[in-house]
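We will go from stop to stop, selecting as we go.

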Amino acid sequence: MRQRPPTIDGLTASTLQLPPGPWPTVLACLCERFPSVAQAQWIDRMARGRVVDHDGNRVTPETPYRIGLEVHYFREVADEAPIPFDEAVLHEDADLLVADKPHFLPVAPTGAHVHETLLGRLIRRTGNHALVPLHRIDRETAGLVLFSTNPDSRARYQALFRDRRIEKHYEAIAPALPGIAFPRVHASRMVAGEPFFRMQEVEGPANSETRIDVIARGDARWRYALTPITGRKHQLRVHMAALGAPIANDTLYPSLRPRSPGDYDAPLQLLANRLAFIDPLSGGERMFSSNFLLQA
């Protein structure tokens with residue numbers, strides 16, 4: 001049976017099955033396959049045990065090349081800057097961990113963020129390498145993220161999200177919409193947009209749905225309650241922008257306004273503030289609330 005790729009600090013190794021070629025060593029193959037990674041960096045990774053074979057044995061600069069050998073390696077980002085905001089653990093038991101994620105911290109490794117992620121921090125904090133996020137929220141969104149701590153019960157909790165048996169409640173600060181009646185449900189068809197990481201609404205049968213209400217009305221901005229009925233990428237951000245009230249400090253919608261690296265000013269005013277569900281193991285009601293607050 002093929003073994004799963006190893007993990008370190010929440011990062012799952014990438015896998016390369018060595019192709020046919022003339023290389024004398026695994027190192028030579030890696031250098032040619034990945035020219036953007038210097039030979040010295042591969043040697044350094046090997047010395048730290050971050051390049052291994054399918055049995056978990058360390059690959060060294062002298063390991064001979066063999067066609068079909070599975071090599072697992074851990075992607076790294078040079079000079080990855082720390083993200084200067086702290087998460088909190090609101091609950092932890094034998095099956096679940098509930099974390100309160102700050103703005104700007106990714107849930108899991110992606111792009112330029114490998115070490116500085118919520119998952120990596122929690123694994124280092126708890127020592128539990130079996131931690132798996134049961135759902136995701138955007139890097140720029142703050143609030144609750146539910147993790148499975150036990151592989152034996154994981155499928156029961158994953159089913160809550162798959163079968164839409166968990167209530168997810170958000171708050172957002174956005175421009176006032178005095179001409180629209182609330183509460184309302186916004187439904188639309190969402191597809192990938194341009195650039196690839198943005199979404200857009202198009203004509204066609206709806207595949208996304210959000211319930212929207214108003215919590216508090218100010219002069220220029222209101223505080224909204226958002227309840228996603230479906231779970232499309234960037235759904236809440238797209239739906240609010242489509243109504244003419246893009247969420248405050250949104251850098252993606254309605255138009256792209258890229259942040260500079262290290263710019264932590266003006267966080268997106270979107271908060272995953274409450275999760276509620278019937279526990280599939282105990283049958284009891286469970287509800288968790290974020291301790292973060294949005295700035296109106």
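The tour below starts with the whole chain and then moves through its parts.

**Ground rules**

This is a predicted model, in which local features need pLDDT of at least 70, side-chain atom pairs count only at pLDDT 80 or more, and totals for chains, interfaces and linings use all residues. Residues are numbered from 1 along each chain as its sequence is written, and side-chain values use heavy atoms, with hydrogens and water left out.

**Stop 1: the whole chain**

Show the C-alpha trace. Along its principal axes the trace spans about 70 × 45 × 40 Å. Switch to cartoon: the chain has five helices and 16 strands. Helices (H or I, at least four residues) and strands (E, at least two) are DSSP runs, numbered from the N terminus.

Of the 296 residues, 46% are buried. Buried means under 20% relative accessible area, exposed over 50%, and partly exposed in between (1.4 Å probe, protein chains only).

Contact means heavy atoms within 4.5 Å. Among contacts between residues at least 6 apart in sequence, 61% join residues at least 24 apart.

**Stop 2: helix 5**

Select residues 235–242. Is this helix enclosed or open? Seven of its eight residues are buried, so helix 5 is largely enclosed by the rest of the structure. The buried ones are Q235, L236, R237, V238, H239, M240 and A241.

Check the residues around helix 5. H234 sits in the loop between strand 14 and helix 5. Its phi is near 60°, positive in a residue other than glycine. H234 is buried, at 11% relative accessibility. After the helix comes G244, with a positive phi near 95°.

**Stop 3: backbone exceptions**

Most residues other than glycine have a negative phi, and most peptide bonds are trans. Select R164, in the loop between helix 4 (154–162) and strand 10. R164 is not a glycine, yet its phi is positive, about 55°. R164 is exposed, with a relative accessible area of 58%.

Next, go to P183, in the loop between strand 10 and strand 11. The peptide bond from F182 to P183 is cis, with omega near 0°. Then go to P254, in the loop between helix 5 and strand 15. The bond from Y253 to P254 is also cis, with omega near 5°.

**Stop 4: the hairpin**

Select strand 6 (residues 88–92) and strand 7 (residues 96–101). They run antiparallel and are joined by four bridges. Two strands pair if DSSP finds at least two bridges between them. Three residues link strand 6 to strand 7 in a hairpin. Pick E92 and look across: its bridge partner in strand 7 is L97.

Stay on strand 7 and select K101. Is K101 buried or exposed? K101 is buried, with a relative accessible area of 0%. Leaving out residues up to four places away in sequence, K101 touches V107, L118, I137, D138, R139, T141, A142, G143, V145 and F292.

**Stop 5: the nonpolar cores**

A nonpolar core is a set of buried Ala, Val, Leu, Ile, Met, Phe, Trp, Tyr and Cys residues joined through side-chain atoms within 4.5 Å. Select F147, Y224, L226, M240 and L270. Within the largest core, of 32 residues, these touch the most other members. Strand 7, helix 3 (118–126), strand 9 (142–148), strand 10, strand 13, strand 14, helix 5 and strand 15 each supply at least two residues. Helix 3 gives the largest share, four residues.

Zoom in on F147. Beyond its neighbours within four places in sequence, its contacts include D95, L96, L97, A99, V107, L118, L119 and L122.

Finish at a second, separate core of 16 residues, which includes L27, V37, L69 and V71.
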